[in-house]
Amino acid sequence: MPVTGRVHSIETCGTVDGPGIRFIIFLQGCLMRCQYCHNRDTWDTEGGKEMTVDELMKELLQYRHFMNASGGGITISGGEAMLQPEFVQAMFEACRLEGIHTCLDTNGFVRKIDDRTKKILDSTDLVLLDIKQMDNKKHIDLTHVSNKYTLEFAEYLADHDQAVYLRYVVVPGITDSLEDAHALGKFIQPMKNIEKIEMLPYHELGRHKWIEMGEIYPLEGVQPPTKEVMTAVQQVLLEYHPSVIF
């Protein structure tokens, strides 16, 4: 029986979710409820369009030249990709057979690291790991779930030397304090597998999706962080982990 996934959308020539030009599959479903989520319409686990690995590979291979020439590949994002592990495993294994670089974009909310998780990572060249907040109470306020599983997943990736780009969204009043930055820095300091740290300034580009769904946007009126704030957070993280930050 063909392996299928619930797909929210596809971006054929993405440039911000991993190195080079990337074929990005945004999967449906997420268990976090981030206040700044810019893909609010991906939360529903029953939404999206069912597509087979073969269907997606047929489309993806049309862009092989652009991906290979730029050092790019495929990125599976969301929603949360790890809610559909069978599909991610099958898709990455198919891409590996074609010599295509694979990237997993995840919030790390993996409640059980099992054999399937290990098989997925065996076929994953790069993980984009989003750590949202080190303080568990603040994390629950921000996402409605604990950061326990994300931090355990981060440690598992480090223990197995899995290449990681760490992502940290800087949100005024929520994740922009130097205290928060120091906590994150101390956590990642021993992790030799982190190749880059991507500091992402908060934006409200997804606000319209909340409004269209008849909901109140939780961060109404919050402005993007200033350059001074971004620089201050960057300097703290550099104290602990002198990776490339961009």
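Predicted model: local features only at pLDDT ≥ 70, side-chain atom pairs only at ≥ 80, totals over all residues.

Trainee: Which strand pairs with β3 in the antiparallel sense?

Mentor: That is β1 (residues 4-14), which is joined to β3 by four bridges.

Trainee: Now a strand inside the order. How many residues of β6 are buried?

Mentor: Five of the five residues in β6 (residues 126-130) are buried, so this strand is largely enclosed by the rest of the structure. Look at the side chains by direction: Leu126, Leu128 and Asp130 point one way, Val127 and Leu129 point the other way, and all are buried.

Trainee: In which sense does β6 pair with β7?

Mentor: The sense is parallel: four bridges link β6 to β7 (residues 164-170). The strand β5 (residues 101-106) also runs parallel to β6, and four bridges join these two.

Trainee: What do β5, helix α4 and β6 make together?

Mentor: With α4 at residues 115-122, they make a right-handed β-α-β unit.

Trainee: How should I read the sides of a helix?

Mentor: Begin with the general idea. An α-helix has 3.6 residues a turn, so residues three or four places apart point the same way.

Trainee: Which residues of α4 are buried?

Mentor: Thr117, Ile120 and Leu121 are buried in α4. They cover an arc of only 95° around the axis, which puts them on the same side of the helix. On the other side of α4, Asp115 and Asp122 are exposed.

Trainee: Next, empty space. What is the general idea there?

Mentor: Rolling a probe the size of a water molecule over the atoms shows where empty space is left.

Trainee: How many cavities of 30 Å³ or more does a search of the whole structure find?

Mentor: The search finds one. The largest cavity holds about 40 Å³ of space. Its lining consists of Leu129, Ile131, Ala154, Val164, Leu166, Met191, Asn193 and Ile194. Sorted by class, that lining has seven nonpolar residues, one polar residue and no charged residues.

Trainee: How much space lies in the largest pocket?

Mentor: About 770 Å³. Of the 29 residues that line this pocket, His38, Asn39, Asp105, Asp130 and Arg167 are the closest to its centre. The elements that give two or more residues to the lining are β5, β7 and β8 (194-201).

Trainee: Which element gives the most to that lining?

Mentor: β8 does, with three residues. By class, the lining of the largest pocket has 12 nonpolar, nine polar and eight charged residues.

Trainee: Which peptide bond is cis?

Mentor: The bond from glycine 78 to glycine 79 is cis, with omega near 15°. Glycine 79 sits in the loop between β4 (73-77) and α3 (85-97).

Trainee: What is the phi of histidine 144?

Mentor: Its phi is positive, about 75°, although histidine 144 is not a glycine. This residue is in the loop between α5 (136-143) and α6 (148-159). With a relative accessible area of 58%, histidine 144 is exposed. Aspartate 161, likewise not a glycine, has a positive phi of about 55°. Aspartate 161 belongs to the loop between α6 and β7, and at 58% relative accessibility it counts as exposed.

Trainee: Is valine 145 buried or exposed?

Mentor: Valine 145 lies in the loop between α5 and α6. Its relative accessibility is 14%, and buried means under 20%, so valine 145 counts as buried.

Technical notes
Residues numbered from 1 in each chain as written. Heavy atoms only, no water. Buried < 20%, exposed > 50% of the residue type's maximum accessible area, 1.4 Å probe, protein only. Pairing = 2+ DSSP bridges. Right-handed = clockwise from strand over helix to strand, strands pointing away. 1 Å grid on protein atoms, 1.4 Å probe; cavity = no way out; pocket = protein on both sides within 12 Å on 5 of 7 lines; lining within 4 Å. Points joined across faces, edges and corners; volume = space filled by probe spheres on them. Nonpolar A, V, L, I, M, F, W, Y, C, P; charged D, E, K, R; others polar. Arc of directions from axis to C-beta.
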